[in-house]
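Have the model open while you read.

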Amino acid sequence: MSRQLSIAVISLYALENNGVRHVASSLREAGFSVTEIYFKDWVNNNFPWPDEIEVINLIELLRERKIDVVGFSVRASAFHRMAKYLTERVRHALGLPILWGGMHPTFMPDLCIQIADYISIGEVDHAVVDFFTRMDDGEDVTTAPSFWTRRGQTIYRNDLAPLVNLDEIPFRDFHTAQDKFHVEGTAVTQGDPFITNPEYTLLASRGCPYWTCTFCSNTVTKPLYEGLGKNFRLRSVEHIIQEMEYAMALCTNIKVVRFDDEVFPIRKVWIKEFSEKWAERVGIPFEVLVDPRMVSYEPLKQLKDAGMRAICMGIQANDRVNRDFYHRPVSNAQIVEAQKVFRQVGITSNLQLIWDDPFSTEEDKDELFRMLMSLERPFELYLFGLTIYPRTHLARKLLREGLITEADIEGVNTHAFKQFRVDLGFPRAKADRRWLALIVLMNKGFLPKSTIWKLYESDYFKDNPDPLVAFAQAANLVKMAGVAGEMTLRGEMTPLLIKRWVNPRSLVTM
Ligand code: B12
């Protein structure tokens with residue numbers, strides 16, 4: 001059935017945005033005309049404020065497409081100010097009703113409904129169809145589940161719709177080119193800006209089996225869904241393989257697939273079926289992220305044989321910080337053991353750390369350093385700066401203990417735009433500059449561990465870390481050049497990737 005309403009769904013600074021793509025697919029399947037707009041793309045550690053020409057192009061595009069309702073996907077809280085600004089500009093120019101969806105309104109509904117006319121909370125793959133069907137039929141939207149409406153000073157709040165069965169929602173669509181636009185610089189480009197990307201990303205699940213890590217969105221979303229379905233849901237293997245068959249026919253440049261799950265589901269029977277079907281019907285190298293608590297040889301070996309080429313694992317911090325601040329009961333010993341298993345399986349491991357927290361002591365950092373030094377090489381290290389999301393368990397605890405103020409929390413702060421990935425050049429305390437330089441050197445295979453121990457023991461660098469930092473930056477650049485070279489050989493280096501990652505003003509650690 002064809003519907004009257006013409007809806008725009010806008011992604012802020014993300015060409016891949018799953019949220020926008022899923023919402024657009026569900027609405028198109030229900031007969032709505034949907035324009036997907038990819039408003040700018042991200043550049044690592046730098047999300048520049050939109051230029052005037054970009055705002056004007058966005059407004060003109062909405063006008064030309066005769067849009068009736070504008071939906072913004074506000075995925076991260078750091079986008080709050082920008083989404084507010086764009087909302088006001090679009091409203092002022094076109095007088096259209098504005099809807100916000102995504103993680104930020106899910107975290108902060110009372111704040112967001114003061115700005116948008118409507119917000120959606122949580123996942124709305126089915127609920128969004130119900131909301132717009134009511135609107136299209138001229139029925140009452142103020143009682144639509146998962147949606148809030150503001151009329152003047154009155155706010156209509158509704159409970160959430162139940163969580164969805166992931167096998168029952170449509171795939172993100174890659175066949176609608178004429179209704180997709182990328183607004184960037186002076187250009188408005190029609191077509192799907194992500195369809196030629198060599199890296200295809202997807203989720204095998206939603207939610208997280210370990211949902212208690214205090215920094216994570218799941219500590220906010222899981223309680224919202226109490227009684228409305230299981231937070232951690234897995235897609236059937238067949239559904240994933242069918243998506244890949246559909247995607248491979250349309251996205252013809254896929255060289256690698258990255259599973260973006262909170263943690264990739266390591267379940268014996270599922271992994272066996274997945275590995276067999278992936279090898280037989282997809283055959284593209286892929287990467288996953290796991291938790292140290294789920295690492296064991298057999299399933300990882302099956303995945304490796306099916307084409308898994310790299311594995312990410314969050315270490316976060318040392319025992320004490322993981323236990324007392326992050327509520328992550330993972331011991332140093334488990335991490336060392338997991339890395340052993342990765343070496344036995346023969347898989348590249350990308351280990352991830354969280355830095356820049358206000359509670360790790362020098363002893364904690366020393367213990368973390370020693371644990372990392374005890375890991376079997378080779379491994380890659382990714383360093384992330386701690387970003388404090390609103391309403392998370394961690395934000396509440398740190399506020400209570402006076403370790404942060406409201407200004408440190410995303411939404412007011414925009415940490416995710418500045419130091420999401422740690423940049424060695426960013427201003428930090430002397431001691432931290434030294435620790436980071438030492439850690440950055442650790443995964444550089446060309447540097448023997450004995451040299452790193454000597455640098456660690458040197459009293460000179462404790463007082464003067466800058467030469468050490470310069471050395472680590474140089475080693476980091478050599479590493480980056482090597483990685484870029486390998487990616488070029490595999491056909492995975494694109495202008496898009498270069499733009500996103502090679503940011504000379506903020507070089508991330510690798
Ligand atoms: C995968 C992922 C990414 C991938 C995205 C891949 C992709 N293809 O989209 C990458 C690595 C690119 C990424 C980047 C970032 N991410 Co991220 N990401 C995630 C993750 C793990 C899953 C997101 C996802 O795809 N979910 C599945 C989709 C279908 O769900 P969804 O996006 O929530 O969309 C649903 C609803 O929200 C809603 N919805 C969404 N948009 C809209 C719009 C409208 C109009 C409506 C009605 C509804 C609606 O409907 C959708 C369908 O149900 C989440 C954690 C999580 N559990 O959500 C973090 C998460 C969203 N990311 C987060 C952050 C901070 C970021 C970055 C800012 C980090 C950075 N500095 O690089 C960037 C922002 C990029 C950008 N410009 O948007 C935070 C946000 C927390 C916060 N409150 O700020 C989260 C919650 C992780 C966390 N730490 O807890 N991310």
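## A strand pair to start from

Strand β5 (residues 118–120) and strand β6 (residues 147–151) pair in the antiparallel sense, over three bridges. Tyr-118 has Thr-149 of β6 as its bridge partner. Strands here are DSSP runs of E with at least two residues, helices are runs of H or I with at least four, and both are numbered from the N terminus. Two strands count as paired if DSSP finds at least two bridges between them.

A word on ground rules: this is a predicted model, where local features need pLDDT of at least 70 and side-chain atom pairs count only at pLDDT 80 or more, while totals for chains, interfaces and linings use all residues. Residues are numbered from 1 along each chain as its sequence is written, and side-chain values use heavy atoms, with hydrogens and water left out.

## The sheet and its helices

Which order do the strands take in the open sheet of nine? They run β7-β6-β5-β4-β3-β1-β2-β8-β9, with mixed pairing. β7 (154–156) and β9 (187–190) stand at the edges with a single partner strand each, so one side of each has no neighbour in the sheet. From one strand to the next, the twist averages 20°.

Helix α3 (residues 80–94) lies across β1, β2, β3, β4 and β6, at about 160° to β4. Helix α6 (residues 127–136) lies across β1, β3, β4, β5 and β6, at about 35° to β6. Contact means heavy atoms within 4.5 Å; axes are lines fitted to C-alpha atoms, for helices over the stretch in contact, and angles run from 0 to 180 degrees between N-to-C directions.

## The largest cavity

A cavity is a set of points on a 1 Å grid over the protein atoms alone where a 1.4 Å probe fits but cannot get out, and lining residues have an atom within 4 Å of a point. Volume is the space filled by probe spheres set on the points, which are joined across faces, edges and corners. There are four cavities of 30 Å³ or more, and the largest has a volume of about 150 Å³. Of its 14 lining residues, His-22, Leu-203, Arg-206, Arg-235 and Glu-243 are the closest to the centre.

Domain 1 (6–190) and domain 2 (199–422), with bounds from an automatic or database domain assignment, each give at least three residues to this lining.

## The second largest cavity

The second largest cavity has a volume of about 70 Å³. Its lining includes Trp-355, Asp-364 and Lys-365. α13 gives the most to this lining, with three residues.

Notes:
On a 1 Å grid over the protein atoms alone, a cavity is a set of points where a 1.4 Å probe fits but cannot get out, and a pocket is an open set with protein on both sides within 12 Å along at least five of seven lines; lining residues have an atom within 4 Å of a point.
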